[in-house]
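Work through the exercises below with the sequence and the structure side by side. Try each task before reading its solution.

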Amino acid sequence: MTIRPLGSGRSSDPEIHLLTGARALGAVDTAEAQSFDDHLADCPTCAEEYRSLLETAAVLGSAEATSAPRALRRRVLQDVSHTRQLPPDVTSLQGRRPVWRRPVTWLAAAAAAAVIATGTTLVVTQSDRTMTAAEMQSCVAAAPDTVTSTPTVGSGGDIRWAASCKAAVVQLPEMGSLPADADFEVWQVDATGAHSVAIAKKSADGSIAPAIVTIRMTGTDKSIAVTREKAGGSSSGQPTTEPIWQVEL
Amino acid sequence: MPARSLSAVPDDGGGGVSTPEQLMERIARADESAFAELYDAFSARVFGLARRVVRDPSQAEDVAQEVFLEIWRRATRFDAKKGSATAWILTLTHARSVDRVRSAQAALERDTKVASRSTERDVDTVVETVESNIERTNVRRCLSTLTELQRESVGLAYYSGYTYAEVARVLGAPLPTIKTRLRDGLIRLRDCLGVSS
């Protein structure tokens, strides 16, 4: 992986942008974390990278999920019932405003990502829009209706999907060899045809990236297929070769 | 319909299920039923991560309790523009777990005169058997695509709660090397897991 400079901030450390990984893993001490966070304000590229690495670290954390003791739920809910929330305005120390008199501007900002929906249809639309790949993976990991399907063409890998999550998590196998000027292309096949969902590249060590592809299901899904296409994917937007891997849903 | 958070509880509009961001928005308005829903969706992840980092289940339970209380208190300051609610919650969980490990370590250092021994923390090498889930399988698989040094650094930083300076010391590597190793490793994980969106 090559390291390229990610913009220039006002920070005294010219390499502070390299801390995105360490910071996302919670491995930077307080003083340096502060200068890094200040730097993010000046470096949108760093902020974007940091954000994506925070989501990645959250998957590392989620992978450790294990049932919490039952008694914990009661204790937590009890705590909450007599704990006052912090005032939303960080700079204001007035802090005693009742919740219903919070600044409207703040609520508007929060609502940008979480609009209060008023009906089932709206909720679904909203959920689809805000569910990230990581969230779909968590949903499928925990859903009671998750099904595992294995390939009918090719071997290795599988797809775990849950209708309740409207999501499918594809585990691609290593998939064999690939000419230098080619990539694997992943297709979602539903009632309306084949739709490209990902380009998977093979690295020198034989691993494939992405190895995990998360797909938002349309409701008429038939299968997920992988074909060999020219580097960067089929230019017509349609598969040009026969699937080398396919899983029926 | 996406059953986002495992449990389907009617939201404000009286139908459907909520994303973590929608729950946070309601929690910020002191909605205790939304909080209960969020608890049910996240308790296994919060407790599981705390347990992985602090090791001791009863301490992990304390940390998890602390984290959920903080989620409640700070919900008013959650900003969905800066990242997902899931990332916010797990970042908080990780930070509190590391705080716990560090304060336990500080106490140990006060109590013990044997400095050389007390500065050693329990290095995470054994993967405990917990309930299998696909995230676990996926993470393992993607961790295996990292170089050994990347994997080791990421594991020490995240699961053992080391700062990158401590990782450098433990591995006997220069600081800039560890910085870039953590960044490259995490970027590679991100690309393998397909979670950049």
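**Exercise 1.** Which residues in helix H4 (residues 70-81) of chain A are buried?

Some conventions come first. The model is predicted, so local features need pLDDT of at least 70 and side-chain atom pairs count only at pLDDT 80 or more, while totals for chains, interfaces and linings use all residues. Residues are numbered from 1 along each chain as its sequence is written, and chains are lettered from A and ligands numbered from 1 in the order in which they are written.

*Solution.*
- Step 1. Helices (H or I, at least four residues) and strands (E, at least two) are DSSP runs, numbered from the N terminus.
- Step 2. A residue is buried if 20 or more other C-beta atoms lie within 10 Å of its own, exposed if 12 or fewer, and partly exposed in between, with C-beta atoms placed from the backbone.
- Step 3. In H4(A), Leu72(A), Val76(A) and Val80(A) are buried.
- Step 4. They cover an arc of only 65° around the axis, which puts them on the same side of H4(A); the arc is that of the directions from the helix axis to the C-beta atoms.
- Step 5. An α-helix has 3.6 residues a turn, so residues three or four places apart point the same way.
- Step 6. On the face turned away from the buried side, the exposed residues are Arg70(A), Ala71(A), Arg74(A), Gln78(A) and Ser81(A).

**Exercise 2.** State what the buried residues of H4(A) pack against, and describe the side of chain B that touches chain A.

*Solution.*
- Step 1. The buried residues of H4(A) pack against H2 and H3 of chain B.
- Step 2. Two residues are in contact if their C-beta atoms, placed from the backbone, lie within 7 Å. In these terms, 92 residues of chain B are in contact with 90 residues of chain A.
- Step 3. H9(B) gives the most to this side of chain B, with 15 residues.

**Exercise 3.** In what order do the four strands of the open sheet in chain A stand?

*Solution.*
- Step 1. Two strands pair if DSSP finds at least two bridges between them.
- Step 2. The order is E1-E2-E3-E7, with antiparallel pairing.
- Step 3. E1 (147-149) and E7 of chain A are at the edges, each with a single partner strand, so one side of each has no neighbour in the sheet.
- Step 4. Strand E3 (residues 167-171) of chain A pairs with E7(A) over five bridges, and Val169(A) has Thr214(A) in E7(A) as its bridge partner.
- Step 5. Four of the five residues of E7(A) (residues 212-216) are buried, so this strand is largely enclosed by the rest of the structure.
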